[in-house]
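Hi there,

Here is the model I said I would pass along.

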Amino acid sequence: MITMIYDGSFDGILTAVFEVFEYRYKEVEIFRKSHFHQKNIFAEIHEVVTQNDKSERVLNKLEDNIGKSGIHKLLKVFLSEEAESEQLILSAVQQSIKHPMENILENYADRDILKISKICKSVDRERHRMTAFVRFEKMLGGVFFAKIDPDFDVLPLIRKHFKDRYQDQKWMIYDLRRNYGILYDLENCDFFYPDEKLDLNKYHEKFHDDENRYQTLWQRYFTKTNIVERKNLKLHIQHVPKRYWKYLTEKW
């Protein structure tokens, strides 16, 4: 058994997949470096150095075999951060090479493909909820800031939605769990990676003077428009699970 360690990037996992074929490995395990804990000191370790030319060759082959939509599904599997995501991606690539004329991602009789489908649905659900439940707060300098803590790494999947929707204002979305975010400055929409995690104890000190008034007005509006007689908490929780309430100004 060969244990492959990569840097945790999508290009890194594709490079690892390429090298599985390059070195004709039969039995392999692939781990992100941050998640790897060596249990067997005698295990054969292969450290993958991410190479764009190798990842590009895998992408080009996948585009021929499963199309861009298929690649997007494998990206969702990668962003799910599931423990077996690397093995599922490798399995999908191997099957696409073996059956180039078939849409292997629709073969739900295969255990790995069925898992890929289920993971994609879960990631899509989380992506949708992040676009629905994000709340921006106006900070000093006029930048609108939102903090999120999604179950999956969905920031790359929601960037286009917010860029298209809020083109006329500066904004930031920060993932508390993974310590990175998106910054839009009216021209560019790029990822940023701070050296230290956001200090939530000092967070409110950076609010714009108007922000507290905005929040009070929104909370009053929500209270006034709520019809108590039609309250159905069970249905409400089905549509807005409690774990998302921490984002919603009206729930504070």
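Five strands make up an open sheet in the order β4-β5-β6-β7-β8, and the pairing is mixed. Strands here are DSSP runs of E with at least two residues, helices are runs of H or I with at least four residues, and both are numbered from the N terminus. Two strands pair if DSSP finds at least two bridges between them. At the edges stand β4 (137-138) and β8 (189-192); each has a single partner strand, so one side of each is left without a neighbour in the sheet.

Before going further, please keep in mind that this is a predicted model: local features need pLDDT of at least 70, side-chain atom pairs count only at pLDDT 80 or more, and totals for chains, interfaces and linings use all residues. Residues are numbered from 1 along each chain as its sequence is written, and side-chain values use heavy atoms, with hydrogens and water left out.

Strands β6 (residues 171-175) and β7 (residues 180-184) pair in the antiparallel sense over five bridges. M172 has L183 in β7 as its bridge partner, and D175 has Y180. Four residues lie between the strands of this hairpin, where N179 takes a positive phi near 55°. On to the next pair: β7 and β8 are also antiparallel, with four bridges, and I182 is partnered by F191 in β8. Their hairpin has four residues between the strands too, and L186 takes a positive phi near 85°.

Helix α5 (residues 155-165) has L155, L157, I158 and F162 buried. These four cover an arc of only 145° around the axis, which puts them on the same side of α5; the arc is that of the directions from the helix axis to the C-beta atoms. The buried residues of α5 pack against α2 (52-80), α4 (111-133), β5 (144-148), β6, β7 and β8, where contact means heavy atoms within 4.5 Å.

What about the other sheet? Three strands form an open sheet in the order β2-β1-β3, with parallel pairing. Here β2 (28-32) and β3 (44-47) are the edge strands, each with a single partner strand, so one side of each is left without a neighbour in the sheet. Five bridges join β1 (residues 2-6) to β2, and I2 stands opposite V28 in β2. Helix α1 (residues 10-22) lies across β1, β2 and β3, running at about 150° to β1; axes are lines fitted to C-alpha atoms, for helices over the stretch in contact, and angles run from 0 to 180 degrees between N-to-C directions.

Finally, a helix pair. Helix α3 (residues 85-98) packs with α4 at an angle of about 125°, and their axes are 10 Å apart. In α3, L88, S91, A92 and Q95 meet D112, I113, K115, I116 and I119 in α4.

Happy browsing, and do write back with any questions!

Best wishes

Note on methods
Buried means under 20% relative accessible area, exposed over 50%, partly exposed in between (1.4 Å probe, protein chains only).
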